[in-house]
Protein chains: 2
Amino acid sequence: MAKKLTPRPTDSELEILRILWENGASTVKAVNEKLNEKKESGYTTTLKMLQIMYEKNLVVRDENERSHVYKAAIKQDEIQKVLLDKLLTTAFSGSAANLVMQALGNSQPSKEELKKIKELLNQIERDRK
Amino acid sequence: MAKKLTPRPTDSELEILRILWENGASTVKAVNEKLNEKKESGYTTTLKMLQIMYEKNLVVRDENERSHVYKAAIKQDEIQKVLLDKLLTTAFSGSAANLVMQALGNSQPSKEELKKIKELLNQIERDRK
DNA sequence: CATTAACTACGAAACTTTTCGTAAGAGTGT
DNA sequence: ACACTCTTACGAAAAGTTTCGTAGTTAATG
């Protein structure tokens with residue numbers, strides 16, 4: 001049975017994962033074009049990154065076509081959880097409430113978002129009982 | 001005028017900053033001892049880290065005593081904001097509400113914490129009007 | 001005043017991550 | 001078959017981070 005260790009993408013890897021989550025399965029060319037919207041980056045650099053990510057099982061690829069098609073191998077949720085946990089322990093000393101309050105304070109949540117958050121809070125309280 | 005660029009501590013630097021935030025001004029020895037509670041780390045390694053952090057202005061130091069005394073040069077809040085913003089854009093595509101909900105979902109906020117969060121939400125709504 | 005202990009400074013090795021150049025294969029058109 | 005283009009593979013340079021050994025300084029102690 002293959003071991004399943006927590007994925008810890010580096011910053012660059014995360015950038016690429018975001019493109020794959022947003023755009024779905026993509027060729028190296030497509031990923032590279034997206035990357036280049038933000039910053040200059042050579043084609044083979046992107047290729048190499050994807051190859052490394054493939055070795056690390058961060059992505060899967062379909063080699064049937066001449067241009068391989070890459071796809072994120074992990075869900076965005078999972079990485080969000082991993083990174084959130086890490087931030088929580090390293091920068092917030094484990095206090096989720098502090099983290100949440102900072103996040104709310106620093107952002108401009110819409111009315112709908114506020115509502116959804118409140119509902120979640122109510123639900124947590126209900127479940128608690 | 002001195003330039004003020006966003007501090008981006010590395011993981012190890014953040015570990016040391018946490019110790020300084022928690023324990024206040026500390027000698028290399030004290031920091032190293034704290035570090036060693038978690039993992040083996042040579043004295044000169046810690047010293048070097050603090051020296052590098054000093055060059056980067058992540059810490060200040062008092063050289064009056066033979067053992068220099070280091071102190072975090074940035075408030076924990078500031079770093080929290082920087083890292084939260086980064087996480088928000090890189091992993092949550094900018095959706096603070098999603099981040100907040102994940103954080104609430106993954107943690108067990110106490111009754112008091114829930115209350116504080118609700119109050120903050122109410123306040124945001126009030127200010128909105 | 002020599003020895004030892006507690007420090008700092010600093011270069012450089014070891015590791016990790018990112019970037020890129022070059023080679024080679026495969027398909028297309030002449 | 002030849003040249004041209006698009007693509008992958010891969011080694012290795014470049015850049016960034018972490019760890020540590022060694023040398024030198026200061027202060028205290030016999």
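Which element gives the most to the surface near DNA strand C? In this predicted model, where local features need pLDDT of at least 70, side-chain atom pairs count only at pLDDT 80 or more, and totals for chains, interfaces and linings use all residues, that element is α3(B), with five residues. Residues are numbered from 1 along each chain as its sequence is written, chains are lettered from A and ligands numbered from 1 in the order in which they are written, and side-chain values use heavy atoms, with hydrogens and water left out.

**View 1. The protein surface around DNA strand C.** Of the 20 residues around DNA strand C, those that come nearest are A:T10, A:S12, B:Y43, B:Q51 and B:R66, a residue being near a strand if one of its heavy atoms lies within 4 Å of it. Sugar and phosphate make up 56% of the atoms of DNA strand C that come within 4 Å of the protein. The residues of this surface divide into four nonpolar, nine polar and seven charged, where Ala, Val, Leu, Ile, Met, Phe, Trp, Tyr, Cys and Pro count as nonpolar, Asp, Glu, Lys and Arg as charged, and the others, Gly among them, as polar.

**View 2. Individual approaches to DNA strand C.** For B:H68, a backbone N or O atom lies 3.1 Å from a phosphate oxygen of DNA strand C.

**View 3. The interface of chain B and chain A.** The contact, meaning heavy atoms within 4.5 Å, takes 41 residues from chain B and 41 residues from chain A. The two chains bury about 4,000 Å² between them, 66% of it on carbon and sulfur atoms; buried area is the accessible area (1.4 Å probe) that two parts lose on being put together, summed over both. Across this interface there are four salt bridges, each a side-chain nitrogen of Lys or Arg within 4 Å of a carboxyl oxygen of Asp or Glu. A:E125 forms a salt bridge with B:K118, and their closest N and O atoms are 3.0 Å apart.

**View 4. The rotation axis between the copies.** Chain B is superposed on chain A by a rotation of 179° with 0.0 Å of shift along its axis (RMSD 0.1 Å), using least squares on the C-alpha atoms of residues with pLDDT of at least 70 in both. The two copies are therefore related as by a two-fold rotation axis. Of the residues of chain B, B:V100 comes closest to this axis, at 2.7 Å (C-alpha).

Note on methods. Polar contact = N/O pair within 3.5 Å; in protein donor to acceptor, adjacent residues only side chain to side chain. Helix = DSSP H or I, 4+ residues; strand = E, 2+ residues; numbered from the N terminus.
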